[in-house]
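Student: I have a structure open and want to learn how to read it. Where do we begin?

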Amino acid sequence: MNVVITTSTLPNCNSLSPSWRDNSSSKLPSGEISRRGSAMFLTRAKSSPDDYHSTLKSLNSRGRFPRKSLGQHYMLNSDINDQLASAADVKEGDFVLEIGPGTGSLTNVLINLGATVLAIEKDPHMVALVSERFAASDKFTVLQEDFVKSHIRSHMLSILESRSLLDTDPSLAKVVSNLPFNISTDVVKLLLPMGDIFSKVVLLLQDEAALRLVEPALRTSEYRPINILINFYSEPEYNFRVPRENFFPQPKVDAAVVTFKLKHPRDYPDVSSTKSFFSLVNSAFNGKRKMLRKSLQHISSSPEIEKALGVAGLPVTSRPEELTLDDFVKLHNVIARE
């Protein structure tokens, strides 16, 4: 039986899930819902029909509308959910973190593939809905929390330790999620430094944001500190675009699936301190389009920065948007030694 937890305590699979009722007669606009017929999901032994459209009917009967403030857009194309799971290579025995499960269409795919799912959901109505939907499953737990404020490292370490004690596969977990667009950057910053916990992070993001995160060009305004962070902690890959017509309500932008293959901490770039490294990077970009000998003056004098740039093999006129991750690592290590 699944569990609903509203505090930071860890899952107890023997707890009872709450029921939820809302007798409002408001309806979702029927013209907005895709009429694709019954989609089929992959399962361990055979395909089983997804009940996503019946879930939408449930939302209708309870007067639930997607909340713009929470960035809620529901996936209408089951093929995309299959491809999300495929990008993460989800298989029997995996442990998967899902952020913002909504009505549970992606959750259903993950469970049917044999994964155990921990879902983090902020909206109490969606918590109740997925709790009912997966009440019969012993592979599903939902926490009612705001992910960007949750203690996800503590949750995951405790869960993985418990799995190890139960003689289950102690391999690293995965993240597979159709994210609310408004928290995507915060989620990336929180998850990527967890290469000791997760092996892959597969996210459905706003397409423009995905391109900025994964494929920024040097010497452009799109090149930012987060690009250094992403490449420091992971190997990112832009997988494919998802047209906006696949969502309800339809957003104003397209989406895209991105895979971040996380590096284990032992494989991070060799810096004496990640804290001081990212402090230098952020300071450099605070003076964007300024030469580093100017923007880093609070760290060392201009002549000392120029000397460090020279030792690192970089022009003394370098600007932050001109430096790769390796360049920043070299510069940081030279300054740290002085």
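Tutor: With a definition. A crossover is right-handed if, with the strands pointing away from the viewer, the path from the first strand over the helix to the second runs clockwise. Helices (H or I, at least four residues) and strands (E, at least two) are DSSP runs, numbered from the N terminus. Here, E5, helix H3 (residues 105-112) and E6 make a right-handed β-α-β unit.

Student: What should I know about the model itself?

Tutor: This is a predicted model, so local features need pLDDT of at least 70 and side-chain atom pairs count only at pLDDT 80 or more, while totals for chains, interfaces and linings use all residues. Residues are numbered from 1 along each chain as its sequence is written, and side-chain values use heavy atoms, with hydrogens and water left out.

Student: Which unit do E6, helix H4 and E7 make?

Tutor: A right-handed β-α-β unit, with H4 spanning residues 124-133.

Student: How many bridges join strand E5 to E6?

Tutor: First, the rule: two strands pair if DSSP finds at least two bridges between them. E5 (residues 95-99) and E6 are joined by five bridges and run parallel. Glu98 stands opposite Ala119 in E6. E6 also pairs with strand E7 (residues 140-144), in the parallel sense, over five bridges. There, Val117 stands opposite Phe140 in E7.

Student: Are the faces of E6 covered or open?

Tutor: Learn the scale first. Buried means under 20% relative accessible area, exposed over 50%, partly exposed in between (1.4 Å probe, protein chains only). In E6 (residues 116-121), six of six residues are buried. Both faces are covered: one side has Thr116, Leu118 and Ile120, the other Val117, Ala119 and Glu121.

Student: Now the rings. How many aromatic pairs are there?

Tutor: Rings of Phe, Tyr and Trp (its six-membered ring) pair if their centres lie within 6.5 Å; planes under 30 degrees apart count as stacked, over 60 as edge-to-face and the rest as tilted. That rule gives ten aromatic pairs. One of them is Phe232 with Tyr268: tilted, 5.7 Å centre to centre, 45 degrees between the planes.

Student: Why does that pair tie together parts that are apart in sequence?

Tutor: Because Phe232 lies in helix H8 (residues 225-233) and Tyr268 in the loop between strand E12 (255-262) and helix H9 (274-286), parts 36 residues apart in sequence. Phe232 and Tyr268 are both buried.

Student: Which kind of pair do Tyr233 and Tyr268 form?

Tutor: Their centres are 4.9 Å apart and their planes at 85 degrees, so the pair is edge-to-face. Phe232, Tyr233, Tyr268, Phe277 and Phe278 form one aromatic cluster.
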